[in-house]
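Me: I have a model open and want to learn how to read it. Where do we begin?
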Amino acid sequence: MNATLNHRRVDVTSENEKYTPKPQKQWSMSNSVEYVLREQRFVFVLVGVAITTAFFLFLQPEFGSGQRTMDVSSYTAVQAYNFDESYQTTRTFETAPYKSHRSAIVSLGGKIPLGLPRKPLRIVVTGGAGFVGSHLVDRLIERGDSVIVVDNFFTGRKENVQHHFGNPRFELIRHDVVEPLLLEVDQIYHLACPASPVHYKFNPIKTIKTNVVGTLNMLGLAKRIGARFLLTSTSEVYGDPLEHPQKETYWGNVNPIGVRSCYDEGKRTAETLAMDYHRGADVQVRIARIFNTYGPRMCIDDGRVVSNFVAQALRKEPMTVYGDGKQTRSFQFVSDLVGEGHVKVNQ
Ligand SMILES: O=c1ccn([C@@H]2O[C@H](COP(=O)(O)OP(=O)(O)O[C@H]3OC[C@@H](O)[C@H](O)[C@H]3O)[C@@H](O)[C@H]2O)c(=O)[nH]1
């Protein structure tokens with residue numbers, strides 16, 4: 001009976017009560033919490049917040065700047081790769097410069113500088129602490145390459161390259177090229193050998209060993225890693241020339257058993273090895289026959305004619321001319337040699 005009476009609430013509503021289509025609800029905290037938790041609404045809210053956060057944190061800058069960001073990222077990749085190349089041999093330095101550079105690029109606002117630099121090379125210079133080698137190293141570092149100097153300090157000196165100490169693109173290894181060496185580089189400049197007659201005659205066996213075994217080792221390395229190879233040869237491959245001036249096509253007039261043969265025959269053998277590696281193993285080789293060179297960092301006791309004359313002049317002593325004084329030589333300043341000679345020959 002009661003059920004029948006309550007079935008139609010209108011029937012029981014008193015006339016004084018105001019009719020509303022929806023019953024009024026009292027707000028309460030528990031009702032709200034219950035509402036949010038019902039039907040997994042809270043999970044949907046959390047997922048929404050996560051997506052929005054991810055959008056603003058990771059996607060929004062790229063989305064907003066479109067093409068610009070694509071350019072920046074590709075430029076950064078190039079720079080990262082370059083830094084990776086540059087710091088390949090000194091990996092401990094890699095992270096910090098890369099990161100700081102990356103942020104610097106982003107702060108450019110995505111503008112790409114015109115004329116992107118060429119990819120820096122990794123280069124090993126044997127004899128790089130010597131008179132000629134150190135000038136070559138200066139030139140290579142100056143143009144942005146990474147250089148590893150390999151020197152046994154027989155005639156080379158640390159002071160010749162110490163201004164590069166601390167530069168992450170420079171490394172110095174005390175090593176004798178007579179022993180094999182493994183390095184990953186793009187190019188090899190092979191200069192290691194005493195070049196002044198007083199020095200190469202000091203230990204002739206060591207001199208010819210350096211020229212033959214040392215060059216063999218470095219050519220083997222070039223072949224193995226696919227590096228381009230520059231051999232610094234000498235005007236002495238012409239021996240006591242019968243032609244003046246000497247052209248490249250001239251084969252020379254060399255005494256194979258003379259006191260200078262450890263050097264001039266050694267360099268001739270080095271040239272032979274270079275050409276055999278080129279013809280037989282496809283190694284890219286360059287040969288520079290260096291004539292008399294002078295300039296800063298030449299040892300005062302080098303023994304060659306320019307340093308001897310300068311030293312004697314400074315001491316106000318008479319200059320000593322050997323033999324009949326009719327011999328001729330071609331002289332060049334060291335910067336002309338490394339700039340026009342070595343670097344361009346090896347391009
Ligand atoms: O005090 C001296 C020194 C040298 N000379 C003469 O000057 C000429 C040049 O002699 P150097 O010792 O300077 O050098 P050389 O030309 O014999 O060979 C040198 O130069 C060329 C490089 O490629 C070689 O590595 C190096 O051996 C020689 O005829 C020598 O007898 C002097 O008259 N007085």
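Reply: Begin with a backbone angle. Just after H3, glutamate 39 takes a positive phi of about 50°. Helices (H or I, at least four residues) and strands (E, at least two) are DSSP runs, numbered from the N terminus. Residues are numbered from 1 along each chain as its sequence is written. This is a predicted model: local features need pLDDT of at least 70, side-chain atom pairs count only at pLDDT 80 or more, and totals for chains, interfaces and linings use all residues.

Me: How many residues of helix H3 are buried?
Reply: A residue is buried with 20 or more other C-beta atoms within 10 Å of its own, exposed with 12 or fewer, partly exposed in between; C-beta atoms are placed from the backbone. In H3 (residues 29-37), the buried count among 9 residues is 0.

Me: In what order do the strands of the sheet run?
Reply: Two strands pair if DSSP finds at least two bridges between them. Here 6 strands form an open, parallel sheet, ordered S3-S2-S1-S4-S5-S6. S3 (170-174) and S6 (285-290) each have a single partner strand, so one side of each lacks a neighbour in the sheet. S1 (residues 122-126) and S4 (residues 187-190) pair over 4 bridges. Isoleucine 123 has glutamine 187 of S4 as its bridge partner.

Me: Which strands does helix H9 touch?
Reply: Contact means C-beta atoms, placed from the backbone, within 7 Å. H9 (residues 204-225) packs on the sheet and touches S1, S4 and S5 (228-234). Its direction makes about 170° with that of S4. Axes are lines fitted to C-alpha atoms, for helices over the stretch in contact; angles run from 0 to 180 degrees between N-to-C directions.

Technical notes
Contact = placed C-beta atoms within 7 Å.
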